[in-house]
Amino acid sequence: MTFFTGRLSRRRFGLGALSSLFSAPLLTSRSLHAEELSSVTLRVASFRGMDSTILPATGLADFPYKVEFSEFNSGNLIAQAINADAIDVGEWSEIPLAFIAASGARVKVVAAVDGPTTNQAVIVPENSPARSFADLKNRKVGYIRSTTAHYFLIRMLAKAGLTLADITPVPLGMSQGLTALKSGSLDAWATYGYVIPMVVSDGSARVLESAENILSGHYFIGANPVRLPDPIFRLAVADYINRLGRAYALLTQNKEKWAKVISPVIQIPENIVLSDLNAQNRPYRIRPWNEGDIRSAQNVVDTFIEQRLISTRPNLKSVFSNDLTPLLKG
């Protein structure tokens with residue numbers, strides 16, 4: 001879920017549901033002991049153009065605690081940072097969750113996010129002879145390891161009767177993948193975010209196959225389990241998550257403003273950003289996690305087990321925590 005956006009990476013619902021979920025009042029120094037809350041520092045992972053941009057833009061960055069943002073371009077790196085006690089709060093899709101659970105990483109999922117699955121695709125150079133996924137056999141295909149791109153590449157290959165063994169898979173980071181595709185050293189690239197409309201609009205690439213109907217649209221917000229026992233930390237994290245949910249709700253109702261705010265940050269023309277926002281198949285909505293989220297994530301785990309990328313079936317439920325659930329209910 002980034003990258004240029006995400007989340008990473010998927011159910012329709014109306015704005016009424018959004019507003020009711022985030023009708024709970026935000027925490028302030030008047031509702032808590034100001035000295036206690038002001039002593040908390042949240043180290044938050046943000047994708048470019050996401051949290052660290054949209055919270056100030058919607059007037060919701062008046063935190064009664066300190067927030068230190070760090071930029072990441074993939075959810076798997078955020079999960080690793082939380083495991084290393086370098087980050088306190090961050091977001092990822094079901095795919096990093098599968099590897100988190102399998103590795104026994106020190107991470108707890110405290111909330112879920114329903115979000116769009118548009119702008120996740122396998123792209124090829126504009127002049128590529130590939131017209132179907134079967135045409136990628138024996139070709140060099142880049143992907144971003146342990147992300148939605150990794151997962152939907154496997155699913156697309158399977159649909160064409162192929163496996164990773166039938167291509168030359170090349171794990172690359174976001175910037176490296178873009179450079180490799182444009183230089184001609186990749187035949188295709190499984191990727192996500194605003195990079196897709198960017199390369200399509202400049203004529204350097206085209207979409208071979210979209211992952212819109214492959215991905216579930218489930219994302220997760222994780223928290224640092226080392227600090228979760230602290231009740232003031234929990235209050236601060238819950239307040240942060242509720243603020244982020246409100247920001248999404250406000251910007252969903254004003255996508256022109258959304259595009260104007262993030263365009264200079266992600267360095268994509270405003271008209272392209274707005275077109276992409278208008279094409280989203282569902283809005284972002286933050287909510288408490290539920291058992292259905294675990295079942296959906298299990299399907300992802302099973303796919304990676306079949307590919308022998310995960311050796312044993314992990315206990316997914318052990319990664320989920322209800323510590324913030326009462327604070328996320330309006």
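This is a predicted model: local features need pLDDT of at least 70, side-chain atom pairs count only at pLDDT 80 or more; totals for chains, interfaces and linings use all residues.
Me: Which residues of helix 4 are buried, and what do the buried residues pack against?
Reply: In helix 4 (residues 75-83), the buried residues are Gly 75, Asn 76, Ile 78, Ala 79, Ala 81 and Ile 82. Their packing partners are strand 1 (41-46), strand 3 (89-93), helix 5 and strand 10 (218-223).

Me: Why is Ser 296 called buried?
Reply: Ser 296 has a relative accessibility of 14%. Buried means under 20%, so at 14% Ser 296 counts as buried. The residue is part of helix 12 (residues 291-306).

Me: What makes the pair Ser 296 and Glu 94 a polar contact?
Reply: The side chains of Ser 296 and Glu 94 are joined at 2.6 Å. The cut-off for such a pair of N or O atoms is within 3.5 Å, and 2.6 Å meets that cut-off. Leaving aside residues up to four places away in sequence, Ser 296 touches Glu 94, Ser 216 and His 218.

Me: How do you know that helix 5 is roughly perpendicular to helix 12?
Reply: Helix 5 (residues 94-103) packs on helix 12 at about 75°, and the axes are 9 Å apart. Angles of 65 to 115 degrees count as roughly perpendicular, so helix 5 is roughly perpendicular to helix 12.

Me: Which residues meet between helix 5 and helix 12?
Reply: From helix 5 come Glu 94, Ile 95, Leu 97, Ala 98 and Phe 99; from helix 12 come Asp 293, Ser 296, Ala 297, Val 300, Val 301 and Phe 304. By type, the residues of this contact are eight nonpolar, one polar and two charged.

Me: Why are strand 7 and strand 9 said to stand at the edges of the sheet?
Reply: The open sheet has five strands in the order 7-6-8-5-9, with mixed pairing. Strand 7 (168-171) and strand 9 (205-210) each have a single partner strand, so one side of each lacks a neighbour in the sheet. From one strand to the next, the twist averages 30°.

Me: How do you know that strand 5 and strand 9 pair?
Reply: Pairing requires at least two bridges, and strand 5 (residues 120-125) and strand 9 have five, in the antiparallel sense. Val 122 is opposite Glu 209 in strand 9.

Me: What does helix 7 touch in the sheet?
Reply: Helix 7 (residues 174-183) touches strand 5, strand 8 and strand 9, and its direction makes about 145° with that of strand 8.

Technical notes. Residues are numbered from 1 along each chain as its sequence is written. Side-chain values use heavy atoms; hydrogens and water are left out. Helices (H or I, at least four residues) and strands (E, at least two) are DSSP runs, numbered from the N terminus. Buried means under 20% relative accessible area, exposed over 50%, partly exposed in between (1.4 Å probe, protein chains only). A polar contact is a pair of N or O atoms within 3.5 Å; within protein, one must be able to donate a hydrogen and the other to accept it, and residues adjacent in sequence count only if both atoms are side-chain atoms. Contact means heavy atoms within 4.5 Å. Axes are lines fitted to C-alpha atoms, for helices over the stretch in contact, and angles run from 0 to 180 degrees between N-to-C directions. Angles under 35 degrees count as roughly parallel, over 145 as roughly antiparallel, 65 to 115 as roughly perpendicular and the rest as oblique. Ala, Val, Leu, Ile, Met, Phe, Trp, Tyr, Cys and Pro count as nonpolar, Asp, Glu, Lys and Arg as charged, and the others, Gly among them, as polar.
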